[in-house]
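User: I would like to go through this model term by term, asking of each label what it rests on.

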Amino acid sequence: MAHTFGVDLRGIIDLLSHHLYSSPRVYARELLQNAVDAITARRALHPDAPGEVVIEPIDSGTGGTLRITDTGIGLTEREVHDLLSTLGRTSKRDELGFARQGFLGQFGVGLLSAFLVAERIRLVSRSAKGGPAVRWTADSAGNYEVETLDEEVAVGTTLELVPHRDSEHWLEREVVRALVAEYGELLPYRVTVAGEVLTSEALPWLDDPLGYGARVLGVQPFDAIPVEVPTVGLTGVAYVLPRGVHPGARQSHRVYLKRMLVGDSIEGLLPEWAYFIRCVVDSSSLRPTASRESLYQDETLLAVREELGRQVRDWLVRLDATDPDRTAALLDAHHLGIKSLARVDDEMLRLVERWLPFETTDGAQSLRLFKRKHGTISFVPDVDEFRQLAPVAHAQGMGLLNAGYAYDVEIMDRLVALDGPAAARRVAPGEVLAALGDPEPEVERALRDRLALAKDVLERHDCEAVPRDFDPGSLPALLVTNVEGERKRDVEQAGEQADPLWAELLGSLVSAESDASQRLVLNCRNPLVRRLAGLHDSALVELTVESLYVHALLQARRPMRPKDTAALNRSFLELLDRAVGGHA
Ligand SMILES: Nc1ncnc2c1ncn2[C@@H]1O[C@H](COP(=O)(O)OP(=O)(O)OP(=O)(O)O)[C@@H](O)[C@H]1O
C-alpha cells in the first residue's frame, strides 16, 4: 500500500531558522518577494494592473499585527490549498521544473519564513482570475483553515502576521522600515511602510555613481567603472577603492537579483587580483542559493567573474592611455593586485614596467627607467640581501634592484620571457663582492695576521673574514651568507653568464678550505679596519672583530640569535669599559 510522507512543520521551521537563513530578518525579504512576484504575474495578464505593496507595521495602529498588502494576482481557493498549504509547491517554476523568468521566488518555501517571527499568519486574497475572496489561517504547528468570504475584496493579497511573544520587535516600524529599505530599495514597484515610500524608480547609481558609491562604501571611491554583462542581464558599477584595502581582505560586493538585494558582502564576483574593487550590480539571471544570501557558484558565475575582471582591466589600460598621473596614483595605491595580474597579463606587465616604482640603488624608480640607464635589470630576489649589497653596489656604480617583494621575481621572469635574457638578470651576492677591489698587499697581510688572533671569535660566529677594498669607505664590514652550496651555485651561475675574467675573480672568492656559513668582508679602505691592521693587543683585536661582526649583522638586518645578542652585549660593554678607562 502506498503512503505519503508526513511533514513536521515545526521541524522544517527549525531547519529554516537555524540552518538555512542567517537571521529572522529574512522574513521581510521573502514576503516582499511574494508580493512583487504576484504583481509581476498579474501584469503578465493585465499590463495596466496597479503595482503597489503597502506595509503596515505593528505600531501603526493595526492592533498588534503586521500587514502586507499587494495588488498582485491573488489566489483562488484551489491555489490556496495547492500552493500555500503544500511545502515546496510553487507557481514560479514551469512544468519542467525550471525557474520562470521574471520571478524572484522559485523554491516554494519562502512563505514559511513568516513563522520565524509569527506564531500565526492570516491571508486574505482574491484572484485576478475570478472567484470569491478566500481567507487562509495557518499556525506554526502546521494546522490551517480556509474559508471563502462573501464580502467585496479588491484583487490582490493581504498577509497578516501575529508575532511570537518575543519577536514583536521584528515587526515594529523602525525595524521593518530598515529591512524593507535594505532589501527592496530598488524594487520596480512602489513599496510603502507606514505611508512612507521606500522605492525609487531609477537605479540609484545611474545618476551620480560616485555619490552613490561613497554612500554605500563609506569612503569616497577612487573611481567608478560602469560594468555590464548582457548574457545575465547584469548592469552596475565597479568601484575602485582608495588606498588602504588589504590584498587579503575578503571580497564583498553588493548584489541585487531582479532588483532585490541578495547581500552586500557577496564573494566570488571578481577575480582575486581585483581585491581593490567593490561592485554594486543587479542581475536578472544569476542564481541565488536557497537561502538567497549568496550566489550559486556555477559556470555562469565563473564566466561573469572573468568578464567583469576583463572590464576592470580594460579600464586600467584605458586610464593609462588617457590619464598617466591617475594611473600612477592607482598603481601606487594597489600595486600588489596589479603586480599579481601582471604575472599573467602582458598589458598589465607593461603598465607595471612603466609606472610602478621599485627600490633601486638609484632610489625609487620604474623598471623602464632603470633599464634604460643600466641596459639590463640586475636584481636581488631578497629584501635583506638587497639592503646589504645596495650601498656597495651603488659605490661601484653598479645598478641593483630590489625584487624581494611579492610577485617581483615572477615579474622579472616574465620580462625575460617577453624581451629576452638581457631584460633582467638575477645577481648573486658573490657577483657584487667580486667587483670589490683587492686591498694593498701590506695592509692585507697585516690585517690577515691580526685576524689570525681573532680566530676563536670568527669560529664562534661561524664566520670567515675576507679583506677587500671598496667604497663607501665609511662602511667597515659587510656580512654575507656563505652557505657552501649556495656559494658554489652562485659562482657557477655567474661564471656561465659573465666573461671569463669575472668568473675567475668570483672563483677566487670561494676558498675551498673554508666551510664557514658567513663571510665578514672587511673594508680596508675604512679607517677603523686600517687601525685594526696595526693593533697589537690581541684582546682588543678580538673585541674589535666581534664588534665589527655584530655591527655588520645589524646592518644586514638579520634576525639576532641568542648568541648574537650575547656578542652584542659583550662587545658593547667591553668597549664602554675601555672607553671610560677600565683598561687604563
Ligand atoms: N502574495 C502572494 N500573492 C499571490 N500568491 C502568493 C503570494 N504569496 C505566495 N503566493 C503563492 O504561494 C506560493 C508559495 O510561496 P513561497 O513564498 O512559499 O514560495 P515561492 O515564492 O514560490 O518560492 P521561494 O521559496 O523561492 O520564495 C508561491 O509560488 C505563490 O504561488
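Analyst: Helices are DSSP runs of H or I with at least four residues, strands are DSSP runs of E with at least two, and both are numbered from the N terminus. This is a predicted model, in which local features need pLDDT of at least 70 and side-chain atom pairs count only at pLDDT 80 or more, while totals for chains, interfaces and linings use all residues. Residues are numbered from 1 along each chain as its sequence is written. In that numbering Ala-395 is found in helix 12, residues 383-395.

User: What makes strand 19 and strand 20 the edge strands of their sheet?

Analyst: Two strands pair if DSSP finds at least two bridges between them. Strand 19 (463-468) is joined to strand 21 (518-523) by 6 bridges, running parallel, and strand 20 (477-481) is joined to strand 21 by 5 bridges, running antiparallel. The order of this open sheet of 3 strands is 19-21-20, with mixed pairing, and strands 19 and 20 are its edges because each pairs on one side only.

User: How do you know what span is expected for helix 21?

Analyst: The expected span is 1.5 Å times one less than the number of residues in the helix. Helix 21 (562-579) has 18 residues and reaches 26 Å from its first C-alpha to its last, which is close to the expected 26 Å. Gly-581, whose phi is positive, near 95°, follows this helix.

User: What classes of residue make up the shell around the ligand?

Analyst: Ala, Val, Leu, Ile, Met, Phe, Trp, Tyr, Cys and Pro count as nonpolar, Asp, Glu, Lys and Arg as charged, and the others, Gly among them, as polar. By these classes the shell holds 9 nonpolar, 11 polar and 3 charged residues, and helix 2 gives the most to it, with 5 residues.
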